[in-house]
Amino acid sequence: MNQQLTLSQLNGLIKDALLDAFPGTVWVVAEVSELKHNRSGHCYLELIEKEGNTITARSRATIWSYTYRMLKPYFETTTGQLFTEGIKVLVQATVEYHPAYGLSLNIKDIDPTYTVGDMAMQRKEIINRLKAEGVFDMNKELALPLVPQKIAVISSATAAGYQDFMNQLENNEYGFKFYTKLFEAYMQGAETVPSIIRALDRIFAHDDFFDAVAIIRGGGATADLSSFDDYDLAMNITQFSLPVITGIGHEKDDTIIDLVAHTRMKTPTAVAEFFVSGVERYYERLLELENGIVQLTRETLDTQQEKLERVAEGLKYSVADFINDRQRELSKRGNELQQNVSLFSFKKHNELTELRHHLDSGLSVWFVETKNNIGKTQRILRRLVGEAVFKADAKLNHQQDMLSGRVRNVLAKERDRILINENSVRLLNPENVLKRGFTLTLKEGKIIKSSKDVAVGEELETRFADGKVTSKITKK
C-alpha cells in the first residue's frame, strides 16, 4: 500500500524541498502586475511572466516595510520611473513556502539598471513602431494657424504648471487676448494615459473651434514621466486633427509624446510664451505690412504727383491752343447761327401772323355760337327751375296742412287726458274722501290698514271731515 500523507505533511515536505533547493537568495526577472500597500507600510505584489499576451508564470511577492522604505526611492531616483504596475524588474528574493498560503517571494533588493535598460528598449520599440506605421511625424505636418488664440488645454486644474501657463498667457505684455478651455486629466499615476486620451476625444468633438492643443505639466517627480512614453497616447497625438504643443516640465530628456508632438517646449510657461510669440510675430508682420503700405503709398503719391505736374504743364499749352481754336470756331459758328436765327425768326413771325389771323376768325365764330348756346341753356334752366319751385311749394303746403291737423288732434287728446287725470286726483284727495263720510284711523301719526296693527290699550286717532277724536282699544 502507498504511503499516505496529510496535506500539511505534503506542504511541509514541499517547504523543506524548496529550502534545500534555494537555501539563499535568487535574482528573478518578472513583470509587476499588481502592487498594493497596507497601513503598516508593507508592499504586496503579484509578479508575472508573459509570452505575448499569455501569462506563463505567476507568483506572489512581499517587500516588508523596512526594506520597502529604502528600495522604492532608490529605484525611482535611479530609473526616473515610478515603482508601479506594468514595469519589468530584476529583484533579489528568498523563496518561501507557507503550508497555508503557498509559494511567495520575499524581495530583499532590486536592480534598477535592468529596468532602465528595459524601459529604454521599450521606448525604442515604440518609436520604431510609430515610424514603421508612418505616423511619427503626422502631427508635425499640420499647419499651425498664423494667430493661434483658441487653445484647448490638457492638464490638472490644481497643477502649478497650469496656473503658470494661464498667468503668462493672460498677463502678456502686449495685451493679446486668448481663449482657453481646460480639459482636465491626471498628469501622474496609472490614470494619466487613459485620462489624457479621454480629454483628446472630448477636444476632437470640437476640433473645428480650436487652433491648437497644449498638454502641460509642471513640477512633479521625474519618475512620473514614464506615462508619457506610452504607445497608445503617442498614437493618439500623432493622428490628432490639431497641432499638439507639449510642456511636460522637464529639460533633460524628451518623452515620446514630445517627439511626436507638433512642437515641444520645456515648461508650461514656455508653451504660453510660444503662443504669445506666435501672435506677436503676426502682429509685427502686420505692422511691417502697414508701414510698407504707407511707404509705398507715399512713394506712389509722389510719383503720380510728379506725373500730374508734367501732364499739367503740357496741358497748359495744349489747352491754350485748344481754347483759341475753339474760340475761332465758336465765333464762326456764332455768326452762322445768328444768320440762321434771323431767317428762322422771320419765317416764324410770318407763320405766327397767319396763325393769329386764323385763330382770331375761329374765336369769333366760336364766341357767337357759345353765346347763343348759353342763352338757350339759360332759358331752359329758368323754365325747369320755375316748374320745380312750383311743385315744391304745392307739396310743402299740402304737408303743412296735414301737420296742422295732426297737431290739433294730438293737443285735443292730451287736453282730454289731463281733464280726466284732474278729476281722478280730485276724487282721491283725502279731504274729499272724508267729506263723502269716510274716516282715517292713525296710530302715532301712521294710517292703520289692518286690525293686526293695533293692540289692546293703545290709543288711536280718528279723523273726520270736520275734526278728529282720540280713542283707546279696550277689547280686540
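Me: How much space lies in the second largest pocket?
Reply: The model is predicted, so local features need pLDDT of at least 70 and side-chain atom pairs count only at pLDDT 80 or more, whereas totals for chains, interfaces and linings use all residues. Residues are numbered from 1 along each chain as its sequence is written, and side-chain values use heavy atoms, without hydrogens and water. A pocket is an open set of points on a 1 Å grid over the protein atoms alone, where a 1.4 Å probe fits, with protein on both sides within 12 Å along at least five of seven lines. With volume taken as the space filled by probe spheres set on the points, the second largest pocket holds about 180 Å³.

Me: Which element gives the largest share of the lining of the second largest pocket?
Reply: Lining residues have an atom within 4 Å of a point, and they include Arg-60, Glu-96, Ser-104 and Asn-106. Strands are DSSP runs of E, at least two residues, numbered from the N terminus; β3, β4 and β5 each give two or more residues to this lining. The largest share, four residues, comes from β5.

Me: How many bridges join strand β4 to β5?
Reply: Two strands pair if DSSP finds at least two bridges between them. β4 (residues 88–98) and β5 run antiparallel and form a hairpin with three residues between them; Ala-93 has Ile-107 as its bridge partner in β5. The number of bridges joining β4 to β5 is eight.

Me: What is the bridge partner of Thr-62 in β5?
Reply: Strand β3 (residues 54–63) runs parallel to β5 (residues 102–110), and three bridges join them. Thr-62 also lines the second largest pocket. Its bridge partner in β5 is Asn-106.
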